[in-house]
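The sequence and coordinates come first.

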Amino acid sequence: MSERRPRAARRRQPEPAPAPVAPESSAEAPSVIQATLYREGRKVASPATLAETYRQLREHPDGMAWIGLHRPTEAELHSLAAEFDLHELAVEDALEAHQRPKLERYGDTLFVVLRAARYLDAQEEVDFGELHVFVGPDFLISVRHGAAPDLSAVRRRMEENPDLLALGPEAVLYAILDAVVDGYAPVVAGVQNDVDEIETEVFGGDPAVSRRIYELSREMVEFQRATRPLVGMLHGLMAGFAKYGTDEELQRYLRDVADHVTHTSERVDGFRQALTEILTVNATLVTQQQNAEMRALAEAGFEQNEEIKKISSWAAILFAPTLVGTIYGMNFDHMPELHWAAGYPFAVLLMAVVCTSLYVIFKRKDWL
């Protein structure tokens with residue numbers, strides 16, 4: 001970071017109305033603010049309002065202000081922009097949210113956008129949050145959209161390590177980066193468990209697994225968008241070590257964070273590739289199952305046709321003697337061969353010949 005400018009040299013606006021202070025981890029109010037003043041790595045004050053924070057920071061130019069907000073109002077952000085000379089484009093991004101991870105420098109102020117993530121065990125899904133950080137010579141402002149990350153834990157950690165906190169706003173930024181990246185580890189573990197379950201469901205023939213694969217694939221796309229840009233961002237920060245005189249301890253700290261980000265990004269890429277392959281395997285298994293069902297239906301239809309052929313053949317064979325017997329059973333007075341002595345044997349023989357002939361014909365056609 002560049003050297004600090006005197007507080008009096010900055011643009012000032014009339015002080016805004018007092019704003020209440022609440023813990024950063026709270027999600028009840030639409031805007032949550034926690035402001036703390038530090039000197040030489042130790043907390044010296046926790047102002048109750050933004051106006052009080054501005055006043056105390058002016059009185060102690062060697063101090064550092066750490067202001068945390070959760071879904072702030074437009075008035076609150078504009079008040080901060082006026083006091084700390086924040087660029088209007090960065091303020092607009094912080095208000096609108098839904099930004100991709102990025103790192104931009106406006107004069108002596110660094111603007112960082114991060115995408116945090118957490119794994120929800122009950123729903124078995126990944127929840128993403130968004131964090132905007134303004135880093136100046138003597139201030140750090142965090143604007144959080146979403147439940148993650150829990151910056152109150154970062155604040156406690158830094159306050160327990162005054163030597164690191166004494167290094168200034170850059171140290172706090174790196175602690176926030178580390179917290180965001182460490183938060184990816186439970187997500188990676190949860191997704192790995194989901195992938196293992198999906199593989200079991202695929203080979204178990206669960207029909208609902210396709211939807212689960214699709215939903216998890218979409219989450220991995222979002223996860224990639226959160227982690228992949230971080231690699232370039234951290235390398236950009238490391239490239240500025242010499243130019244901005246970054247402390248050696250912070251350099252080691254940032255390199256460790258960069259290693260974790262690279263590892264996480266590779267795992268996420270692996271998950272997405274694995275899900276693509278699983279989806280292909282699932283489609284193949286579904287196709288094979290459908291083919292097997294169609295083959296079984298075709299075999300059942302063939303067997304049914306064979307039975308129909310047999311029934312039809314025997315019905316035709318039995319119909320011939322029934323027809324002859326029915327005709328000569330009508331008892332009309334004037335019928336041919338009715339009083340013929342050889343009439344009965346002839347009728348029986350005729351029925352036998354017809355039945356035998358039909359049997360031979362159906363047998364040759366493999367109907368019997």
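This is a predicted model: local features need pLDDT of at least 70, side-chain atom pairs count only at pLDDT 80 or more; totals for chains, interfaces and linings use all residues.

Phe111 stands opposite Phe134 in β6. Residues are numbered from 1 along each chain as its sequence is written, and side-chain values use heavy atoms, with hydrogens and water left out.

Strands, like helices, are DSSP runs numbered from the N terminus (E, at least two residues, for strands; H or I, at least four, for helices). Two strands count as paired if DSSP finds at least two bridges between them.

| Partner of β6 | Residues of partner | Bridges | Direction |
|---|---|---|---|
| β5 | 109-120 | 11 bridges | antiparallel |
| β7 | 139-145 | six bridges | antiparallel |

β5 and β6 form a hairpin with four residues between them, and Glu124 in that turn has a positive phi of about 55°. The hairpin of β6 and β7 has three residues between the strands. On the β7 side, Val133 stands opposite Ser142.

β6 spans residues 125-135, and nine of its 11 residues are buried, where buried means under 20% relative accessible area with a 1.4 Å probe, protein chains only. In the protein, buried residues make up 42% of the 368 residues.

The secondary structure comes to 11 helices and seven strands. Of the contacts (heavy atoms within 4.5 Å) with a separation of 6 or more, 67% are between residues 24 or more positions apart.

Conventions:
Buried means under 20% relative accessible area, exposed over 50%, partly exposed in between (1.4 Å probe, protein chains only).
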